[in-house]
Amino acid sequence: MRNVTKENITDAFAGYISKDTDPRTAEVMNSLAKHLHAFVRETQLTHAEWEKGIEMLEWAGEISDKERHEMVLLSDLLGISSLVDLINMVPGGSSSSVLGPFHIAGAPAIPFGHDMKRHYEGPILLSKGVIQNMKGEPIEGAQIDIWQTAPNGLYSSQDPEQGTYSFHGIQTVGSDGRYGFTTVKPVSYEVPTDGPAGALLSATGRQAWRPSHLHFIVKAKGYRTLVSEVFAGDDPYLDEDAVFGVREDLVMHYEDMPAGSFPDGFDLSGKVDGPYMQVDFDLTLVAE
Ligand code: BEZ
Ligand code: FE
């Protein structure tokens with residue numbers, strides 16, 4: 001277009017897209033341009049503000065590496081990750097929630113009853129449940145990949161004191177669909193604030209806390225992969241999660257269990273005389 005104006009620039013963008021472009025790519029790019037242009041018009045963005053935005057994106061690129069994913073964090077804090085989850089959810093299955101930037105692929109296999117807490121201080125949490133389909137039938141062979149922070153609120157990739165796969169493990173369930181392990185009760189923690197994501201939070205007076213949670217990815221042949229988390233029902237940050245990840249069905253009651261009631265079949269069986277905590281959550285997968 002020879003005479004580009006603020007009125008026709010969005011149509012000009014659409015006109016530049018080749019007719020041979022994959023239709024979904026064309027649809028997404030046209031919509032993206034339409035909404036970005038509308039944002040610029042609505043806010044009457046200044047050059048200084050536009051430069052600030054570009055600087056933030058460049059900073060996100062510079063601070064990111066194989067273990068630090070600042071663009072994911074920005075997407076999470078803007079509510080985009082959660083919105084993608086919410087529009088792709090299928091009613092009847094367990095809710096999905098944010099993956100976050102701290103999952104590490106290739107965690108070691110852990111058998112039923114495995115103890116992830118090891119020498120770490122804090123309340124013992126016994127976590128168990130069934131992986132099932134929408135008919136309530138157990139899914140044999142489903143795999144649950146679990147990860148969480150240590151009691152200091154840091155994931156292993158953030159903390160040189162922890163081994164690579166500290167508080168990470170993958171369990172494969174048998175014909176009863178049951179998984180079970182012990183860990184330390186997860187803690188609330190702040191998302192990293194030393195980069196552009198933190199600048200975004202402080203510029204808008206937002207807090208950086210996430211309510212305590214256990215992350216998991218459940219995979220099974222013939223089913224949609226579930227990426228989600230389970231939250232503690234007594235956490236003070238449930239109503240203000242910085243990344244909008246809380247869903248009602250993912251908030252669980254962590255039960256206080258009396259001394260002398262620790263069950264058989266766990267690594268810690270016979271070693272826990274005092275009280276401990278327990279959370280029981282079943283996970284429902286949706287067929288592909
Ligand atoms: C997390 O829960 O690991 C997380 C999610 C989003 C942003 C930062 C951390
Ligand atoms: Fe987390």
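Predicted model: local features only at pLDDT ≥ 70, side-chain atom pairs only at ≥ 80, totals over all residues.
The shell around ligand 1 consists of Leu-73, Asp-76, Gly-100, Pro-101, Phe-102, Tyr-155, Tyr-189, Val-191, Arg-210, His-213, His-215 and Val-243. Two elements, helix H4 (70-77) and strand E8 (213-219), each give two or more residues to the shell.

For Arg-210, a polar side-chain atom lies 2.6 Å from an oxygen atom of ligand 1. The corresponding distance to an oxygen atom of the ligand is 3.0 Å for His-213 and 3.1 Å for Tyr-155. On its own, ligand 1 has 260 Å² of accessible area, and the protein covers 100% of that area.

Tyr-155 also takes part in an aromatic pair. The model holds ten aromatic pairs. In one of them, the ring centres of Phe-102 and Tyr-155 are 4.8 Å apart and the ring planes meet at 15 degrees; the pair therefore counts as stacked, the limit being under 30 degrees. This pair links distant parts of the chain, as its two residues are 53 residues apart. Phe-102 belongs to the loop between helix H5 (80-88) and strand E1 (114-115), whereas Tyr-155 belongs to the loop between strand E3 (143-147) and strand E4 (168-172). Both Phe-102 and Tyr-155 are among the residues that surround ligand 1.

Terms used:
Residues numbered from 1 in each chain as written. Chains lettered and ligands numbered in written order. Heavy atoms only, no water. Near = heavy atom within 4 Å. Polar contact = N/O pair within 3.5 Å; in protein donor to acceptor, adjacent residues only side chain to side chain. Areas by Shrake-Rupley, 256 points an atom, 1.4 Å probe, with all protein chains shown as cover. Helix = DSSP H or I, 4+ residues; strand = E, 2+ residues; numbered from the N terminus. Phe/Tyr/Trp six-rings, centres within 6.5 Å; stacked < 30°, edge-to-face > 60°.
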